[in-house]
Amino acid sequence: MKNLSQTELERAADLLIAARYVTALTGAGVSVESGIPPFRGPDGLWTKHGEPPLDGYQRFLADPKGYWENRLHNPSPIAVALEKAKPNPGHYAMVELEELGILRMVITQNIDNLHRMAGQKRLAEIHGNGTLLRCIQCGTRFARTAISLEVLPPRCPHCQGLIKSDTVSFGEPIPLDVLEVCERETRRSDCMLVAGTSAFVYPAAAFPQQVKQQGGILIEVNLTETPLTPWADVSLQGKFGEILPALCACVKARLQGRTTTT
Ligand code: APR
């Protein structure tokens, strides 16, 4: 972490410890060290292959069978990367911050399942989870293996509704159950750790701004500056997979220091 001072880490650690209710918002940058490319920036998927159509959901509704045939026969580059990706040290550091009672909820824009694989218990996947399927009528989510693909498009065993990937398609409304959790948790936050997101996509990008507007603290972890950087109380520039373990170690050292001196 070439340009990261211990002072910045300690300041961030003190803010996390002092806060009443810490949440986190993560984006694709936290999975880069797990081998999954980001969407934007020089190595971004959208930079290389162009943004997907913004009416992906409408196309699904118009031809659900075609959606499934395409999904099964032409897996996307990110779907291929997901198959072999594993959590990185930064994911495990966030789990440790949860186990320390510091981090109360992680809101992730990522669909790669890595926070779950690392063991994060309190997690809201606002753009869905690429390893799951979801009925668009009753909202039930299924493991991929739980639904037969003998007949396409697959239908919900509960309500016969159409089933698609749980990944929220462009043009698809964010499922209300997860959106309500994100909005509730944002309202409760007096400190938000924002890691690996370009903060372009709403509603997620509004959450850190709301925490700031309600008098809370923002700590940003990113390789570069983002539209959120001017709002950040501490901006830790560098790789998530390096910064989060260092930040977690700093929090632990300060918590231990407290117990030995009190
Ligand atoms: N460590 C920390 N930050 C990193 C790292 C890293 N190793 N590598 C990249 N980043 C940062 C980039 O600087 C950028 O700010 O992560 C961010 C990635 O931004 P995007 O690729 O735009 O990803 P994200 O913010 O999650 O996109 C939001 O857009 O396309 C939609 O649904 C998609 O969930 C996605 C949403």
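1. Residue classes first: Ala, Val, Leu, Ile, Met, Phe, Trp, Tyr, Cys and Pro count as nonpolar, Asp, Glu, Lys and Arg as charged, and the others, Gly among them, as polar.

2. The model is predicted; local features need pLDDT of at least 70, side-chain atom pairs count only at pLDDT 80 or more, and totals for chains, interfaces and linings use all residues. Residues are numbered from 1 along each chain as its sequence is written, and side-chain values use heavy atoms, with hydrogens and water left out.

3. Polar contacts are pairs of N or O atoms within 3.5 Å. A side-chain N or O atom of Thr197 lies 2.7 Å from a ligand oxygen. A backbone N or O atom of Ala28 is 2.8 Å from a ligand oxygen. For a polar backbone atom of Gln109, the distance to a ligand oxygen is 3.2 Å. The protein covers 91% of the 730 Å² of accessible area that the ligand has on its own (Shrake-Rupley method, 1.4 Å probe).

4. The lining of the second largest pocket divides into five nonpolar, one polar and five charged residues. Among them are Arg116, Glu125, Arg141, Asp166 and Asp177. A pocket here is an open set of points on a 1 Å grid where a 1.4 Å probe fits, with protein on both sides within 12 Å along at least five of seven lines; lining residues have an atom within 4 Å of a point.

5. Domain 1 (1-36 + 87-128 + 174-262) and domain 2 (46-84 + 131-166) each give at least three residues to that lining.

Conventions. A polar contact is a pair of N or O atoms within 3.5 Å; within protein, one must be able to donate a hydrogen and the other to accept it, and residues adjacent in sequence count only if both atoms are side-chain atoms. Domain bounds come from an automatic or database domain assignment.
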